[in-house]
Amino acid sequence: MPPVQAVKYEQELKKNPDLKDEDIQILREWCKKQPHLPPITDSELALFLHSNYYKMEATKATIDTYFTVRTHVTEFFHNRDPLGTKELRKSFQTITVQVLENKTPEGYSILYGRLIDDDPSHYVYNDGMKYLSMIVDLWLHSEGTSNGHIILFDMKNVGFGHAARLSPMGLKKYLFYLQEALPVRLKGFHFMNITAVMDVILNMMKPFMKKELLDMLHTHTTLDTLKKFFPVDILPNEAGGKAGVLMHLHEKAVKELEENREWFLEEQQTKRVDESLRPGKGKTATDLFGVEGTFKKLEID
């Protein structure tokens, strides 16, 4: 597979009648006055504008937060060489994250994740979030705007040992990024095949979730409730669908990351903020998330 091509701005204009060139021009001019920001393409500006339903001030806030978080949360957004990062390679063997090929009837894309190795000692949350972010980044880079996005986590074989390896700060950082920075129109946040451990995980997540995200959060013990939201046929075979063998789909997704190694390496070099150039005072991770260690460690017997 050759490396994926970036979506073109002209394609975005055709795809989105509400996208106006004059709005992109306003954002271009604004970016010139933000010396701390990296270069941003018109296609990327279109993605941010679309994800904010064309609200200009919200778009500017999302752009700044997106690049700021990616600069300071190094555990998710640095060392992203899909071939040369040992921890990432381990993560590829522990979980699968994939964009399902078929969309919902509304045209929503689904991001599906689950364990492929159920040994809790092999699961590392930060590396899993890094892997998930790489899949999403490449997807947005090549596909651009979408009617909507659904995140679906399959909790099969997730146990209390996995929950014990989560940290409140790690969850806070990703949920902040998801809600404040990721340029997608999120339409659903689903967990399927849930068991009693889901209560523990949700208790850790909920303090960091806004009402809008809580309202689109749905948990499912069986496919009966899930199928009310979208056709389950679009899921991998092992999840009760007809989209193909899980490991075949997984290998294809990992291969795509590997084929785009150069893009990931360049992205890390060129798409970060320079806090020394930020108007006013530079930001730190503490400004964004508070002090690490203010949370008690989760104890699970």
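Analyst: Happy to! One term to start with: Ala, Val, Leu, Ile, Met, Phe, Trp, Tyr, Cys and Pro count as nonpolar, Asp, Glu, Lys and Arg as charged, and the others, Gly among them, as polar. Also, please keep in mind that this is a predicted model.

User: Thanks! How many cavities of 30 Å³ or more does the structure hold?
Analyst: There are 2 of them.

User: Which residues lie nearest the centre of the largest cavity?
Analyst: Those are Tyr-123, Tyr-125, Met-129, Phe-153 and Phe-191, out of 27 lining residues. By class, the lining of the largest cavity has 21 nonpolar, 4 polar and 2 charged residues.

User: And which elements supply at least two residues of that lining?
Analyst: Among them are strands S1 (95–99), S2 (108–115), S3 (148–154) and S4 (186–192).

User: OK, now the second largest cavity. What lines it?
Analyst: Its lining includes Leu-111, Val-136, Trp-139, His-149 and Ile-151, along with Leu-178, Leu-182, Val-184 and Leu-186. H7 and S3 are the elements that give two or more residues to this lining.

User: How do those residues divide by class?
Analyst: The lining of the second largest cavity has 8 nonpolar residues, 1 polar and no charged.

User: Switching topic: where does UniProt place the CRAL-TRIO domain?
Analyst: The unreviewed UniProt entry puts that feature at residues 85–247. This span is 40% helix and 19% strand, and its end C-alpha atoms lie 21 Å apart.

Definitions and conventions
Residues numbered from 1 in each chain as written. Predicted model: local features only at pLDDT ≥ 70, side-chain atom pairs only at ≥ 80, totals over all residues. Heavy atoms only, no water. 1 Å grid on protein atoms, 1.4 Å probe; cavity = no way out; pocket = protein on both sides within 12 Å on 5 of 7 lines; lining within 4 Å. Points joined across faces, edges and corners; volume = space filled by probe spheres on them. Helix = DSSP H or I, 4+ residues; strand = E, 2+ residues; numbered from the N terminus. UniProt positions renumbered as here; feature names shortened; annotations may be inferred.
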